Amino acid sequence: MPALLPTGHFPVNPVALDREDLNDTYCTLRHSYKSVMISRGVYRSKADQNRAAMKELEAKIRTIAEREANVRQEAYEMLEIVTNVVGELEDAGDDLVNEFGAYQLGKRSYQGGGYLGGLIKAIARFIRRWTSTKQKLNTIVEKQQAVQLSLEGTDGQDR
């Protein structure tokens, strides 16, 4: 094997080297070049595979984020409906309690007839609110079923 030359000290003119050293050095350089090119190809292949995997992962993450955003939006809509329903029922219940209290006080003073009309109106308002509340409840149930179907439709593979 020829003496190894540092890369910065290659002779400008290889005439000083004998033919056997020159051939050995050339073969070593060619072998090193071949090894570097193979390594470069492997590196390039791995880099391409990693880029493709990153794009696929990014697409999956975007899909999950979009689906979660839709589910979250629908959950907030359902929460708003529930909050409104509870508020309406609370108001209707307060009206009933107040009118019944007024009726009870009027009944003691023999003026219960006038307060009875207020109590009946409060009952009618309660019935209207109760009916509209039940319709809103159906909306919530339908949204809940749609959300459930959309979550079951993914089969959990993206999660």
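Guide: A salt bridge is a side-chain nitrogen of Lys or Arg within 4 Å of a carboxyl oxygen of Asp or Glu. This is a predicted model, where local features need pLDDT of at least 70, side-chain atom pairs count only at pLDDT 80 or more, and totals for chains, interfaces and linings use all residues. Residues are numbered from 1 along each chain as its sequence is written, and side-chain values use heavy atoms, with hydrogens and water left out.

Visitor: How many helices and strands does the protein have?

Guide: Helices (H or I, at least four residues) and strands (E, at least two) are DSSP runs, numbered from the N terminus. Here there are two helices and zero strands. Helix H1 covers residues 19-108, and helix H2 covers 112-153.

Visitor: How many salt bridges does the count come to?

Guide: Side chains of opposite charge can pair when their charged atoms come close. In this protein the count is five salt bridges. One of them joins aspartate 48 to arginine 51, with the closest N and O atoms 2.7 Å apart. Both residues lie in helix H1, three residues apart, about one turn of the helix.

Visitor: Which residue forms a salt bridge with arginine 125?

Guide: Aspartate 95 does, and the closest N and O atoms are 3.6 Å apart. That pair links distant parts of the chain, since arginine 125 is in helix H2 and aspartate 95 is in helix H1, 30 residues apart. Aspartate 95 also meets arginine 129 in a salt bridge (3.6 Å, N to O). Again distant parts of the chain are linked: aspartate 95 in helix H1 and arginine 129 in helix H2, 34 residues apart. Through shared partners, Asp95, Arg125 and Arg129 are joined into one network.

Visitor: Why does arginine 125 count as partly exposed?

Guide: Buried means under 20% relative accessible area, exposed over 50%, and partly exposed in between (1.4 Å probe, protein chains only). Arginine 125 has 27% relative accessibility, so it counts as partly exposed. Aspartate 95, at 23%, is partly exposed too, and so is arginine 129, at 24%. Of the 159 residues in the protein, 11% are buried.

Visitor: Which residues make up the largest nonpolar core?

Guide: A nonpolar core is a set of buried Ala, Val, Leu, Ile, Met, Phe, Trp, Tyr and Cys residues joined through side-chain atoms within 4.5 Å. The largest one here has six residues: Val71, Met78, Ile81, Val85, Ile140 and Val147. H1 and H2 each supply at least two residues of this core, and H1 gives the largest share, four residues. For contacts, heavy atoms must be within 4.5 Å. Not counting residues up to four places away in sequence, valine 147 touches Val71, Glu74 and Met78.

Visitor: How many aromatic pairs are there?

Guide: A pair of aromatic rings is described by the distance of the centres and the angle of the planes. Rings of Phe, Tyr and Trp (its six-membered ring) pair if their centres lie within 6.5 Å; planes under 30 degrees apart count as stacked, over 60 as edge-to-face and the rest as tilted. The count here is one aromatic pair. Phenylalanine 126 and tryptophan 130 form it, stacked, at 6.2 Å centre to centre with 15° between the planes. Both lie in helix H2, four residues apart, about one turn of the helix. Phenylalanine 126 is partly exposed, with a relative accessible area of 26%, and tryptophan 130 is partly exposed at 41%.
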